[in-house]
Amino acid sequence: MQSRNPVFSRRGFSRDNGYAGFNAQAGGPAGGTQANPYAQGDPYAQQAGNPYAQNPYAQQGLQQGAPPQAPAATGRMTMDDVVARTATTLGTVVVTAVLAWLLLPVDEANLGKSYGIGIAAALVAMVLAFVQSFKRRPAPALILSYAAFEGVFLGVISSAVSTYIADGVVAQAVLGTMAVFAAVLVAYKAGWIRVNRRFYGFVMAAALGFVLLMVANLLFSVFGGGDGLGFRSGALGIVFGVIGIILGACFLALDFKQVEDGVAYGAPREEAWLAAFGLTMTLVWIYMEFLRLLSILNSD
């Protein structure tokens with residue numbers, strides 16, 4: 001199973017229905033030795049074509065049928081690595097957002113300039129995200145640069161919403177994002193959310209439809225003026241805002257699965273930067289959807 005996050009799309013750590021995928025041979029999860037990814041030892045060290053096949057820290061000697069264990073050796077990704085890299089990336093977003101809020105006022109005298117800088121930062125962040133997504137190895141400097149430019153964009157947009165919509169909306173959006181993250185984490189760890197191929201297919205289909213509708217709405221608003229098709233205003237905008245937040249929560253579940261599999265199967269430590277990158281993109285998505293939804297609710 002592949003994550004919706006493009007940063008995970010070519011990585012080897014993924015499992016379906018609790019079983020590792022690692023280019024396993026024919027046969028279902030309940031099959032014999034041929035279907036068991038642990039039968040010949042660590043899948044990172046054994047399977048051809050695996051990006052981690054040459055990882056010198058790959059775990060050896062797993063017993064047939066034994067569950068994966070969190071790595072203890074150095075050089076392999078741990079949960080602490082993911083937490084530290086994610087904190088660094090999100091911290092960069094927060095710091096640059098605060099600086100942009102303070103240094104790029106959105107009053108009438110500076111509105112055009114601040115908006116221009118914010119949009120330019122968003123475009124740069126998008127380019128950096130695409131570049132990192134198609135790189136075979138994580139580039140920490142590239143990921144942190146993405147976080148910095150994304151923070152500038154969020155700072156300008158948040159300042160504008162706080163100034164022209166309602167004071168306190170930004171704090172509510174931040175709290176909402178944190179609440180969704182905590183709720184999905186608890187539900188995932190408790191087993192209430194089962195991430196399998198069916199779940200992945202449903203989320204991807206829903207996300208594709210959502211994005212296409214938003215693009216159509218944007219095009220109609222640009223060329224036709226007004227609110228386009230109305231997907232971002234009024235009652236319909238509220239419905240789509242809620243859908244966007246739910247999709248973000250589903251993306252978080254997919255990200256948690258990828259992180260869990262990477263730790264369990266001994267991905268190299270550098271992959272923690274990709275995990276941080278993916279989680280940051282998802283949290284930015286959820287925050288923006290909350291900001292949009294709360295803006296609509298406070299403008300009616």
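What volume does the second largest pocket have? Hello everyone, let's start there: about 920 Å³. A pocket here is an open set of points on a 1 Å grid over the protein atoms alone, where a 1.4 Å probe fits, with protein on both sides within 12 Å along at least five of seven lines. Volume is the space filled by probe spheres set on the points, and grid points are joined across faces, edges and corners.

Before going on, this is a predicted model, with local features needing pLDDT of at least 70 and side-chain atom pairs counted only at pLDDT 80 or more, while totals for chains, interfaces and linings use all residues. Residues are numbered from 1 along each chain as its sequence is written, and side-chain values use heavy atoms, leaving out hydrogens and water.

Back to that second pocket. Its lining has 33 residues, and Thr86, Leu90, Phe181, Leu279 and Leu283 lie nearest the centre; a lining residue has an atom within 4 Å of a point. Helix H2 (79–103) is the top contributor, giving eleven residues. Helices are DSSP runs of H or I, at least four residues, numbered from the N terminus.

Now the largest pocket, which holds about 2,100 Å³ of space. Of its 47 lining residues, Met126, Trp285, Met288, Glu289 and Arg292 are nearest the centre. By class, this lining has 33 nonpolar, eight polar and six charged residues. Nonpolar covers Ala, Val, Leu, Ile, Met, Phe, Trp, Tyr, Cys and Pro; charged covers Asp, Glu, Lys and Arg; the others, Gly among them, are polar.

H3 and H4 are among the helices that each supply at least two residues to the lining of the largest pocket. How do H3 (residues 111–133) and H4 (residues 140–164) pack, and at what angle? The angle is about 145°, and the axes lie 8 Å apart. Axes are lines fitted to C-alpha atoms over the stretch in contact, with angles from 0 to 180 degrees between N-to-C directions. The residues of this contact are 21 nonpolar, four polar and one charged.

Staying in H3, we find Ala129. Why is Ala129 counted as buried? Because its relative accessibility is 10%, and buried means under 20% relative accessible area with a 1.4 Å probe, protein chains only. Its C-alpha atom is 8.7 Å from that of Phe277, 148 residues away along the chain.

Last, the largest nonpolar core: 58 residues, with Tyr146, Val180 and Leu252 having the most contacts inside it. H8 gives the largest share of this core, 15 residues. Such a core joins buried Ala, Val, Leu, Ile, Met, Phe, Trp, Tyr and Cys residues through side-chain atoms within 4.5 Å. Thanks, everyone!

Definitions and conventions
Buried means under 20% relative accessible area, exposed over 50%, partly exposed in between (1.4 Å probe, protein chains only).
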